[in-house]
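Welcome! Here are some exercises to work through with the model open in your viewer. Try each one before reading its solution.

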Amino acid sequence: MSLMNRRSFIAGTLSAAAAAGGAGDLGAQSASAQKDKYRVAIIGCGRMGQYYADVYKALPDTEIVAIAEWNDERRKVVGERYGVKALFKDVNALLKEVVPDLAAVITPSKFMKDAVIACAQAGVKGVSTDKPMAAKLSDADEMVDVCVKRKVVFAGGNLQRALPTVQEAARRLRTGVYGKLAGAAVHGFGGEISGGGCQHISVLRLLTRAEVAEVVAWGSPPEALAKDTDEGLIINGRFRMTSGLECQVFGTPTPARGVDVWTERALVRWDWGAPTIFEGTDAKGARKQIDAKYPPFAWSHIIEKAGLRPEDIYLVASIRSFIEAVRTGSELWISGADLRQALEVAIACRLSAQLGNLPVRLPLKDRSLVLFPRPYRWVGGDVTGRVQSAEEAAGRKKE
Ligand SMILES: NC(=O)c1ccc[n+]([C@@H]2O[C@H](COP(=O)([O-])OP(=O)(O)OC[C@H]3O[C@@H](n4cnc5c(N)ncnc54)[C@H](O)[C@@H]3O)[C@@H](O)[C@H]2O)c1
């Protein structure tokens with residue numbers, strides 16, 4: 001088969017698989033036929049939790065059966081907004097009364113570990129969380145381990161790695177459509193290398209199909225490097241992947257702000273949103289962007305039904321991949337283990353920079369290492385002075 005034919009064959013096979021209800025459609029064919037809906041609990045129903053609730057409410061095969069929300073006034077309004085009567089202050093009170101099929105833990109990060117573990121131990125089929133999942137590596141380990149031991153699907157959350165177009169680009173790289181991998185770069189790895197940087201690390205690992213094996217990093221400014229939070233820390237450096245691939249790390253935008261992975265003849269650029277693909281060169285010898293021809297995503301209509309923005313499609317995809325993993329055991333598009341790897345890489349970068357750019361190997365031996373996200377992520381809006389009003393929580397006013 002010629003190269004061009006091989007390429008169009010693979011692209012055609014992928015869209016045919018999506019149309020026929022293959023991996024790409026994430027259960028679209030079976031959802032309408034399903035009689036029993038997945039019973040979902042939302043744990044932590046602030047700004048982000050409400051996005052999840054909007055999606056779960058709009059899906060045909062899920063039903064929100066319970067909410068745990070710490071803030072009394074918000075609990076009441078979100079209950080009314082989503083038509084949920086089983087309302088609880090925290091996860092333990094909820095699990096005493098209801099064991100859902102799926103639990104979405106979207107509390108501030110500080111409370112995620114206890115909630116994920118409580119859900120897994122109570123016997124849910126799947127639990128999801130969001131970013132960052134923890135500050136301490138051993139906490140992230142415990143979350144992953146309990147879910148593995150209890151055979152509970154442990155999903156990540158609203159991360160761009162779950163964009164169908166990112167998954168499709170990764171599939172093409174994996175199947176060799178663009179040739180052999182030759183290099184990678186991370187751009188704009190700074191500001192919050194854990195809280196936001198986990199987006200980069202999750203996409204990099206997916207597109208290269210490899211783990212970060214070694215990190216060499218330089219960190220600035222010195223006052224940010226001395227802190228135990230990721231606030232304001234800019235990391236420049238280099239990753240060596242388990243495949244031997246080298247990855248340059250730029251702390252500030254170049255102006256790209258995402259992840260580049262290039263092959264013998266193509267460049268896949270994830271710069272937030274659908275990756276752009278460059279293949280061949282133009283008359284000046286510069287890289288030429290081609291039409292990526294991404295296949296349609298079977299769940300796109302949920303965006304409008306849930307009242308979300310088109311760019312929020314990765315939350316829908318992340319949730320569909322979670323449901324599909326629970327239903328069929330398929331691979332998650334973003335998992336709790338992915339979030340753990342991202343935290344580990346961020347911690348390794350800070351460590352390497354603090355130790356005078358010493359090469360640091362992963363997995364890290366010291367699992368007691370910690371990197372906190374900024375306070376809003378760690379303890380939430382109510383504690384840090386960005387309180388969500390009852391009016392907004394009721395869905396009547398967008399901030
Ligand atoms: N993936 C993304 O794009 C993205 C975007 C924003 C936030 N986040 C993450 O989502 C998490 C929540 O952020 P947010 O913007 O929704 O914050 P928020 O402050 O708006 O909401 C958090 C909610 O959790 C509730 N809560 C706190 N402790 C609780 C507990 N123990 N049990 C039950 N409920 C509890 C609070 O009352 C609040 O309503 C953070 O970890 C943040 O980093 C991710």
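**Exercise 1.** Does Arg-171 count as buried or exposed, and at what relative accessibility?

*Solution.* Start with the cut-offs: buried means under 20% relative accessible area, exposed over 50%, and partly exposed in between, with a 1.4 Å probe and protein chains only. Arg-171 counts as buried because its relative accessibility is 19%. Next, look at its partner: Arg-171 forms a salt bridge with Glu-168, with the closest N and O atoms 3.0 Å apart. (A salt bridge here is a side-chain nitrogen of Lys or Arg within 4 Å of a carboxyl oxygen of Asp or Glu.) Glu-168 has 2% relative accessibility, so it counts as buried. Helices are DSSP runs of H or I with at least four residues, numbered from the N terminus.

**Before going on.** This is a predicted model, in which local features need pLDDT of at least 70 and side-chain atom pairs count only at pLDDT 80 or more, while totals for chains, interfaces and linings use all residues. Residues are numbered from 1 along each chain as its sequence is written, and side-chain values use heavy atoms, leaving out hydrogens and water.

**Exercise 2.** Find how Lys-76 and Glu-80 meet, and say whether they are buried or exposed.

*Solution.* First, their side chains form a salt bridge at 3.6 Å, N to O. Second, the two residues are four apart in helix α4 (residues 72-82), so about one helical turn separates them. Third, Lys-76 and Glu-80 are both exposed.

**Exercise 3.** Which parts does the salt bridge between Arg-205 and Asp-338 tie together?

*Solution.* Begin with the distance: the closest N and O atoms of Arg-205 and Asp-338 are 3.0 Å apart. Arg-205 sits in helix α9 (residues 198-208) and Asp-338 in helix α13 (residues 336-354), so the bridge ties together parts 133 residues apart in sequence. Both Arg-205 and Asp-338 are buried.

**Exercise 4.** How many salt bridges does a search of the whole structure find, and which residues are linked in a network?

*Solution.* The search finds 31 salt bridges. Glu-214, Arg-238, Arg-240, Glu-246 and Arg-361 are linked in a network of them.

**Exercise 5.** What is the average pLDDT of the protein?

*Solution.* Recall that pLDDT is the predictor's confidence in each residue, from 0 to 100. The average is 93, and 93% of the residues score at least 70.
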